[in-house]
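Hi everyone, thanks for making time. I'd like to walk you through a structure that may be new to you, so please take a look at it on the screen.

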Amino acid sequence: MATSISLSKIIEHYELKNCTPEIDTDAIKVSVPDVNRPALPLAGYFGHFDAERVQIIGHVEYHYMKHLNQEDKKELFDKLMSLKFPCLIFSRDAEPEDMVLEAGRKYGVPVLVTEKPTSSFMAEFIRWMNVQLAPCISIHGVLVDVYGEGVLIMGESGIGKSEAALELLKRGHRLVTDDVVEIRRVSDETLIGSAPEITRHFIELRGIGIIDVKTLFGVESVKETQSIDMVIKLEEWNKDKEYDRLGLEEQYTEFLGNKVVCHSIPIRPGRNLAIIVESAAVNHRQKKMGYNAAVELYNRVQRNLNRRDD
């Protein structure tokens, strides 16, 4: 779990213009995903100011500043920058005045510029930071996007997870990650899976080695991140074990406190895993849309029994 992100990484990700390059942005860490528009501080009220947040000067704040006289403006920004928040960002390519840059250099607060509108930048920034700072674990498995559903395939090494993923790729689905899945809990309901940077877009096939999915199948065959909607656990067939044949009751597994629907699939020679995974994904989508085939079959049987009793 990342507890903070360096400001340099944020600048690189959003391609921000740095107007104070002499300040070391590697040393500045951002630890909260929230942002603030300092309208009240610019009006002279500094109560309840959160210095941990990134501050953004939007279109309204920028034009309000133009109505201030130079002396008041200099005093305000000197007081504002003395609070030493992570950085000050101007939106819509607005040019910060020299006095703002001077105050930033004086107190070590970088002044940055983005070309994006304020609201859209804030929304994207908060979303991205929530993902980056979310609790994170790494597990052994394969994550694929099947008809828009994020399917996490788990099981013992050598059971056929990567082979199933490869067959799904040939059928037009998309790979997120093979072997290691980084799972982030971005909300009480949502888990996001991604690949470690070092293994991104690669699949390991025993007997063949490493293949580059993006190169072999094209850019449409891979995806950077995907919500985890269901889990499929592959296991060796055990003739003495009872397997669920109707699916009336959902089974769940848990990651970082969030529950995810889980299906245990027994493996025998001749079973087409790709078709099974596709069917499970479509069936899961149907359930989310309000239709449950198992419940429908149960109701038909009950109606038939009731007619016989009559």
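Predicted model: local features only at pLDDT ≥ 70, side-chain atom pairs only at ≥ 80, totals over all residues.

I'll go from the overall shape to the cores, and then to the pockets.

The chain has 310 residues, and 45% of them count as buried. In terms of secondary structure, we've got 10 helices and 19 strands. Now, how does the radius of gyration of the chain sit against the globule rule? Well, it comes out at 27 Å, while the rule gives 19 Å for 310 residues, so the chain is more spread out than a compact globule. You can see that in the C-alpha trace too, which spans about 90 × 60 × 30 Å along its principal axes. And if you take contacts between residues at least 6 apart in sequence, 68% of them join residues at least 24 apart.

Okay, the inside. In soluble globular proteins, nonpolar side chains tend to be buried together. Here, the largest nonpolar core has 28 residues, and among those with the most contacts inside it are V144, V151, I203 and L234. Several elements supply at least two residues each, including the strands β9 (142-146), β10 (149-155) and β17 (230-236), plus the helix α7 (161-170). Which element gives the largest share of this core? That's α9, with six residues.

Let's zoom in on I232, which is also on the list of residues with the most contacts inside that core. Leaving out neighbours within four places in sequence, I232 touches V151, L152, I153 and M154, then H263 and I265, and finally V277 and A280. There's also a second, separate core, with 23 residues, and I57, L88, V100 and V109 are among them.

Of its 22 lining residues, V131, Q132, R184, S194 and R200 are the closest to the centre. α6 gives the largest share of that lining, five residues.

Notes: Residues numbered from 1 in each chain as written. Heavy atoms only, no water. Core = buried A, V, L, I, M, F, W, Y, C linked by side-chain atoms within 4.5 Å. Buried < 20%, exposed > 50% of the residue type's maximum accessible area, 1.4 Å probe, protein only. Helix = DSSP H or I, 4+ residues; strand = E, 2+ residues; numbered from the N terminus. Contact = heavy atoms within 4.5 Å. 1 Å grid on protein atoms, 1.4 Å probe; cavity = no way out; pocket = protein on both sides within 12 Å on 5 of 7 lines; lining within 4 Å. Rg over C-alpha atoms; globule rule 2.2 N^0.38 Å.
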